[in-house]
Amino acid sequence: MQIQDLVHHFSLGFLVCALGNQRELKSEIVLGGCLKKSLVVSIWGADAYNFIRAYLLVRGYGEDAAEGFQVSNEFRELIRRSQSLNVPFSYAPLFLDLIHGKRSTEPDRALNIKGSADTHQRYFLPVISQMKRGVSSLRVIDIGCGNGGFIANLLASCGSRVSVQAFGVDVSDISINTFNSRFERYSKIASMKCDGFDVEQWSTAVKQFLLTDPDYISLWFLIHELRNFRITEVQDFFCQLQQRFPRTALVLTDLVRPRLEAFATNALTVMPEYTLFHDLSGQSLLDQQTWNSMLESIPYEVTASRQYDTRVLSDGRQEHSVITVFLSPISEEEFLNA
Ligand SMILES: C[S@@+](CC[C@H](N)C(=O)[O-])C[C@H]1O[C@@H](n2cnc3c(N)ncnc32)[C@H](O)[C@@H]1O
């Protein structure tokens, strides 16, 4: 892995998110094929314009022209492809603050949360089809529920055939408000604003609402949100889940940190950018090895798994960008004897 490759990916990540975050500028580029100085400067200032222009020139993504910087078709395609990248876009202010040497504010969670649910459908649907197989009812707790994208997909997919009762937990006001207005009409759906890792707090509310144990607890892209990740804390979280809900299965989907080699060649996803954004904002992307050792050290066993965006690296090993695992609880005795 060359340093230039890193710089390339990082700058590209910055650029895509910065441009993508500004609809006006993006449509200028896609429709007009031109990066307008006046527009960039009015949004971010001259430094950002110089940075973007220099980057585009170096990468061969266009050239100076009388009416502004003319971008290449390849670059326009790149910007068009970034249409669904709400999540990285939400990190754009953070990037710009870093470039200007400022201590940054938090990324805009609203955009991040919307982006997650909009792009996660391809992960939701296989899990839903597994969950609803052979059952007439489902009780689900969704920790880190965001804007309720998963529950909405679950309801749509189950229709009137499977009765769904769901409880969303999220630490963010924006998430919970969006979730609540989305499911206003549904008496079988409730939520709580609370730290998902504070199992004691939400489990009491859940038990009152469901009146029985849930069938599943889902953790969609939650673990990587932890700041200053410590494996013992996460193990403790899973132990608490198992103690409070000893018959409830878990389903967990999350990002996997790519190895550097994959990082440089990965054309399948936007992982390089994602990795950088998450690192910069202090989140915790675990690599596959850390995931494996964590999953082996909790009182659950993996009953099914699925991987996304698999790459085969030069040493023949496979690497994935996203993993889903179904986890079934095992008793303390089984766990200790395993
Ligand atoms: C990447 S988003 C995923 C949203 C949703 N699960 C999805 O897949 O569409 C992560 C969500 O976890 C929430 N979150 C982060 N830390 C949390 C915590 N400690 N407890 C509960 N929710 C948390 C965020 O507010 C956000 O809604």
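## A walk through the sheet and its helices

Start at helix α13, whose buried residues pack against α12, β7, β8, β9 and β12. Before moving on, please note that this is a predicted model: local features need pLDDT of at least 70 and side-chain atom pairs count only at pLDDT 80 or more, while totals for chains, interfaces and linings use all residues. For your selections, residues are numbered from 1 along each chain as its sequence is written.

Helices (H or I, at least four residues) and strands (E, at least two) are DSSP runs, numbered from the N terminus. A residue is buried if 20 or more other C-beta atoms lie within 10 Å of its own, exposed if 12 or fewer, and partly exposed in between, with C-beta atoms placed from the backbone. Contact, the basis for packing here, means that two such C-beta atoms lie within 7 Å.

**Stop 1: helix α13**

Select 231-244 to highlight α13. The helix has 14 residues and reaches 20 Å from its first C-alpha to its last, close to the 20 Å expected at 1.5 Å a residue (the expected span is 1.5 Å times one less than the number of residues). Now show side chains: Phe 237, Phe 238, Leu 241 and Gln 242 are buried. They cover an arc of only 135° around the axis, which puts them on the same side of α13; the arc is that of the directions from the helix axis to the C-beta atoms. An α-helix has 3.6 residues a turn, so residues three or four places apart point the same way.

**Stop 2: the seven-stranded sheet**

Next, colour the strands. Seven of them form an open sheet in the order β6-β5-β4-β7-β8-β12-β9, with mixed pairing; two strands pair if DSSP finds at least two bridges between them. At the edges you will find β6 (189-193) and β9 (300-308), each with a single partner strand, so one side of each has no neighbour in the sheet. Looking from strand to strand, neighbours are turned by 15° against each other on average, direction ignored. Axes are lines fitted to C-alpha atoms, for helices over the stretch in contact, and angles run from 0 to 180 degrees between N-to-C directions.

Select 249-255 and 322-329: these are β8 and β12, which pair in the antiparallel sense over six bridges. Click on Asp 254 and look across to its bridge partner in β12, Ile 323.

**Stop 3: β5 and its neighbours**

How many of the eight residues of β5 are buried? Six are, so this strand is largely enclosed by the rest of the structure. On one pairing, β4 and β5 run parallel over seven bridges, and Ile 141 stands opposite Phe 167 in β5. Follow the chain from β4 through α10 to β5: this β-α-β crossover is right-handed, meaning that, with the strands pointing away from the viewer, the path from the first strand over the helix to the second runs clockwise.

β5 also pairs with β6, in the parallel sense, over five bridges. Here the bridge partner of Ala 166 is Ile 189 in β6. The chain goes from β5 through helix α11 (residues 173-182) to β6, another right-handed β-α-β crossover.

Helix α10 (residues 149-158) lies across β4 (137-143), β5 (163-170), β6 and β7 (216-220), running at about 175° to β5. Helix α12 (residues 199-210) lies across β4, β5 and β6, at about 160° to β5.

**Stop 4: two loop residues with positive phi**

Select Leu 211, in the loop between α12 and β7. Its phi is positive, about 65°, although Leu 211 is not a glycine. With 9 C-beta neighbours inside 10 Å, Leu 211 counts as exposed.

Then go to Phe 221, in the loop between β7 and α13. Phe 221, also a residue other than glycine, has a positive phi near 55°. Phe 221 counts as partly exposed, with 19 C-beta neighbours inside 10 Å.

**Stop 5: the three-stranded sheet**

Three strands form an open antiparallel sheet in the order β1-β3-β2. β1 (34-35) and β2 (62-65) are its edge strands, each pairing on one side only. Four bridges join β2 to β3 (residues 68-71), running antiparallel; Gly 62 has Val 71 in β3 as its bridge partner.

**Zoom out**

Finally, show the whole chain: it comes to 17 helices and twelve strands. Of its 338 residues, 37% count as buried.
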